[in-house]
Amino acid sequence: MRHGAKFDPPNRFESVHVEWDEEVGEPSSHPTELLEDDSKSIVSENRSPDLPFRYSVNPYRGCIHGCSYCYARPTHEFLGLGAGLDFETKIVVKRNAGSLFRRFLGTPSYVPEPIAFSGVTDCYQPIERKLGLTRDCLEVASHCNQPIGIVTKNALVCRDVELLASMAERSLVHVYLSITTLRPELARIMEPRTSTPTARLRAIETLANAGIPVGVMTAPVIPGLNDEELPSLLRAARDVGASVAGYVLLRLPLTVEPVFFGWLEKELPEHADRVRSRICSTRDGQTNQSQFGTRMVGSGELAEQIRSLFRVFRAKYGFDDAFPQRRVDLFRPPQADNGQLELF
């Protein structure tokens with residue numbers, strides 16, 4: 001099985017680190033392990049002004065998709081695990097995700113507002129087909145008329161098209177399909193266990209035909225690797241029904257950097273120097289910027305060229321500036337776990 005990470009960088013919080021020996025062979029035989037999460041919450045609160053949501057739901061920690069560039073990799077270090085192979089093969093699952101989400105929405109102090117699904121890791125990663133934890137949370141949201149937003153790289157989202165269409169009729173949902181490249185050979189090595197680019201385009205078409213507001217997120221844009229694809233990505237997504245488009249420049253926080261460059265040097269060594277140089281040219285000479293306001297879009301001449309390229313072709317292909325507003329006035333708290341109905 002192909003992995004995005006070619007090694008496990010040392011955990012920032014651990015004093016002991018185990019390394020695999022490349023002379024023995026690549027870590028292709030690492031099986032996927034599901035680890036139980038008995039945490040008492042499923043909703044995370046975001047405090048970043050760069051993100052358009054306050055709350056997010058994440059039924060899984062870690063992601064089987066194995067994208068080499070995933071910004072969420074360092075979150076596995078808080079669990080005592082690695083940001084490389086561990087992030088892709090040791091998946092923490094919250095089997096009671098639906099009941100935890102119901103409990104959150106039933107909190108007396110909760111004031112309804114849109115909640116993001118996949119604020120950290122992809123809620124439709126392959127294990128969702130078997131476990132259905134995202135589906136459980138969607139059913140809770142639909143029952144409560146809770147507005148949501150979804151971002152995913154997986155065409156599995158189409159499994160829930162009827163439920164999402166019902167929510168769309170009540171103006172409760174937006175969906176983004178993330179498409180990084182139209183080249184299947186690049187997608188296969190860069191994001192090895194995601195849906196193919198063609199499958200993601202078909203998913204956009206399926207959702208759009210069902211009346212679900214759907215957009216494309218061309219993210220991450222990797223200078224020197226896929227930035228020239230922005231026009232073709234936007235056109236392909238618009239042709240199948242995407243109405244809104246967004247992008248995020250590649251981010252390499254903390255242990256994402258060694259994982260990404262390790263992958264790049266292993267899989268695309270002929271591009272490594274150019275990509276590294278162009279990344280640095282969008283980050284004030286560094287490989288990453290953590291400052292709010294610049295970390296998503298970068299700085300400098302090349303970053304501005306990418307921003308302008310995106311804006312020109314977004315306008316050319318007739319994308320809307322934003323999705324229609326989701327309704328919060330329809331929200332109704334869930335019934336209490338004990339079955340007791342409210343009097344008022």
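I began with the cysteines, and a search of the whole structure turned up 0 disulfides, a disulfide being a pair of cysteine sulfur atoms within 2.5 Å. Cys67 is in no disulfide, and the nearest cysteine sulfur, that of Cys63, lies 6.3 Å away.

I note here that this is a predicted model, in which local features need pLDDT of at least 70 and side-chain atom pairs count only at pLDDT 80 or more, while totals for chains, interfaces and linings use all residues. Residues are numbered from 1 along each chain as its sequence is written, and side-chain values use heavy atoms, with hydrogens and water left out.

Next I followed the strands, which like the helices are DSSP runs numbered from the N terminus (helices H or I, at least four residues; strands E, at least two). I found an open sheet of 3 strands in the order β1-β5-β4, with mixed pairing, where two strands pair if DSSP finds at least two bridges between them. β1 (33-36) and β4 (60-61) stand at the edges, and because each has a single partner strand, one side of each is left without a neighbour in the sheet. β4 is joined by 2 bridges to β5 (residues 90-93), and these two strands run antiparallel; within β5, Val93 stands opposite Tyr60.

I turned to Glu88, which I located in helix α1 (residues 85-89) and which is buried, with a relative accessible area of 1%. Its side chain makes a polar contact with the side chain of Arg193 at 3.3 Å; a polar contact is a pair of N or O atoms within 3.5 Å, where within protein one must be able to donate a hydrogen and the other to accept it, and residues adjacent in sequence count only if both atoms are side-chain atoms. Leaving aside neighbours within four places in sequence, Glu88 is in contact (heavy atoms within 4.5 Å) with residues including His3, Cys63, Arg73 and Arg193.

My last entry concerns Val140, which I found in helix α4 (residues 133-144) and which counts as buried at 5% relative accessibility. Not counting residues up to four places away in sequence, Val140 touches Gly98, Phe101, Arg102 and Leu105. I also checked Val140 against Thr121: the two are 19 residues apart in sequence and 20 Å apart in space, C-alpha to C-alpha.

Note on methods. Buried < 20%, exposed > 50% of the residue type's maximum accessible area, 1.4 Å probe, protein only.
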